[in-house]
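Hello,

Here is the structure for you to look over. My notes follow below it.

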Amino acid sequence: MGFFHPYLAVHFQGQEHRTGVLQRDWFAKENDCSLNFKHRMDLPVADDGASMVNANRVKIMVHDKRSLDVRTLCLGDDLIGEGTFDFDPLQDQPQVNDRLALYRPGLGEGQSAGSLDVRWRVVRRESLSDALQNPAERTLLEVLQAMLDFLDVYGGEEAALDVFPGSPHTSKSTGSLMAGVFSHSAAKTQSRRRVALNELKEELRKQVAQYRGDEESDEEVLKSITPLVLKTVEFVAKFAVPQEQDNKFDTIDLAIRWVKDFLASAAGGGFTGSASMSRITRIFTMLELNIETLVPVDKDGGQMQGLTWRPSERDPPPFKEASLGRGGFGSVWRALDPTIKQFFAVKQMFHQGVVTQCERQNADDLRARSWQHPSLVRLYAAIDHRPNVFLVMEYCANGDLLGQIETATRRGRYDVPEKAYDWVVQIFLGLEFLHGIPFLMRDLKPQNVLLTHSLRAKIADFGLSKLAERADGLQSRIPTPGSPHYIAPEVARLEGYGKQADIYSLGVTVWHLYTGGLMDTGMPPCTAKWGEEGAAVSVLAENWTLLHNAVNEPETHRARPLPDENVKQFVLQATDRRSEGHKCTSEDLRNTDFLTQASPPLPPRGNTKAAIEWLEAQAVRRSPSFGLVAQ
């Protein structure tokens, strides 16, 4: 008798939806009636469905597809059997595994034509919006499920493509670097994106399915979604970053912003950002990097030729164009991951050093937290690869603050950088965030403030930092933390100290930024005793008086004057050590005229959400500017 060709026709609210047609051997049918259609079907509930007959009933009919002939045209395909189930459209309903009895007209009453196993659930648009508007208030699994549901049911694929960096929609509406990236046909590119997005969606489905019915913690889910995170970043790298290497593009940041924009679209524009944004960002901290795949490159992405290097070698790559700096505790070099087209800064340290172990521990403590504030350099990975430890960090293309200071010094004159005020505020807010953890920076200076391609200041290098409110001043394992020109007097004297020591270093850094340093050294004042043989670190406790002399009487102390009274009072207050009692706090600095001139006013202390939003908006505001500081 040949073959029969079964398919399903699903009837709901006046609409028919069909599956594909299977082909089965007719004789096999007599012995094995099991069919598996493996077909997903998403049925939107009409807004006016309540007025329809059997509006909440789904009828599934199993047909045998016949060849086109007169009989088929008149009577349609043979009906093998049909079954129904009802649901409540006003309630979310978790997955239901249902076995429907199939009946066929013509069979005796009560006789079954077989059964059909179906899995179904009800997803309400309002519930999706709520989950996606406030992802910080849901479990990670609930957020991932809501994203998948939106992609499946509510036109989410189109929404995801519409807000994708470089898509026709985003390119027209923004003046960003993403606009106009593509030289290919827009239609062809969009088609390729659609295929790749569907693959990404299936990876998301796989991740969600493995936890169905389980109550897994966010940490357990985070550990398992590494493949999903990597595929997301690879998707962005493939379709939103130019083929030529460009260190202005941060692939991971583009991926984070794409997910945020998608959630905002899915939530109907009601995405709350802030804490929810931190939740999204946390997902991307699970991106796993392999030191073996990171390639030393120059600033344009060029690789070294004729030389080889392996991570097992103690020395850094023999490629001077990749070098970003070298110090007593390690080397920093520029790297590229070709797969995701992302530049990184890699700090390479010898595994057995005491300072290395302290910095390794700090990296573990700060890895996730460094993603929570835009004024901190992100730490992507801490990798043990004997005999080295590698810290893979955010690459900041414009170097450090000291480089900006040196560039602004011309023939004895110093031109205060246009973005100096922005940088001070960014550093200040980042320092407040660290102190709120609580974390003592303990080595704040211009060399440890890096600048991104968009000239945003970020605090970096936490090798001497400490996870604590206070330190006792006794250095049993590492050298005295800090750098000679910026160290607070109480740290130099090996006394107990707290956050105020970082505030002191901030004050010296601000003076350096606004004056260019002493005219003969280009650095802040430092006691001559420090250069004497066998000098103890305690002699650096005198530096604050030298700094105040340079602030109050610049002409007689080889210094340039600060550009206005507000900056002067800020520096003096931050570094005042005349009394052994009160030392300047961040709250004291907030009340200075220098910081109260910020417009709009600075966000409240301890409110990371408000600080992030304030910093995000800072780029479009004009900051207080200063003119040329003459010799």
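Two strands count as paired if DSSP finds at least two bridges between them. Strands (E, at least two residues) and helices (H or I, at least four) are DSSP runs, numbered from the N terminus. This is a predicted model: local features need pLDDT of at least 70, side-chain atom pairs count only at pLDDT 80 or more, and totals for chains, interfaces and linings use all residues. Residues are numbered from 1 along each chain as its sequence is written, and side-chain values use heavy atoms, with hydrogens and water left out.

The sheet. Strand β5 (residues 57-64) pairs with β6 in the antiparallel sense, over 8 bridges. D64 has D78 of β6 as its bridge partner. These strands belong to an open, antiparallel sheet of 4 strands, ordered β3-β2-β5-β6. β3 (15-18) and β6 (78-86) are at the edges with a single partner strand each, so one side of each has no neighbour in the sheet.

The helices. The axes of α7 (residues 186-209) and α9 (residues 226-240) come within 10 Å and cross at roughly 175°. Axes are lines fitted to C-alpha atoms, for helices over the stretch in contact; angles run from 0 to 180 degrees between N-to-C directions. α7 and α9 are therefore roughly antiparallel (over 145 degrees). Contact means heavy atoms within 4.5 Å. Residues making it include L197 and L200 of α7 and F235 and F239 of α9.

The cysteines. There are 0 disulfides (cysteine sulfur pairs within 2.5 Å).

Best wishes

Notes. Parallel < 35°, antiparallel > 145°, perpendicular 65-115°, else oblique.
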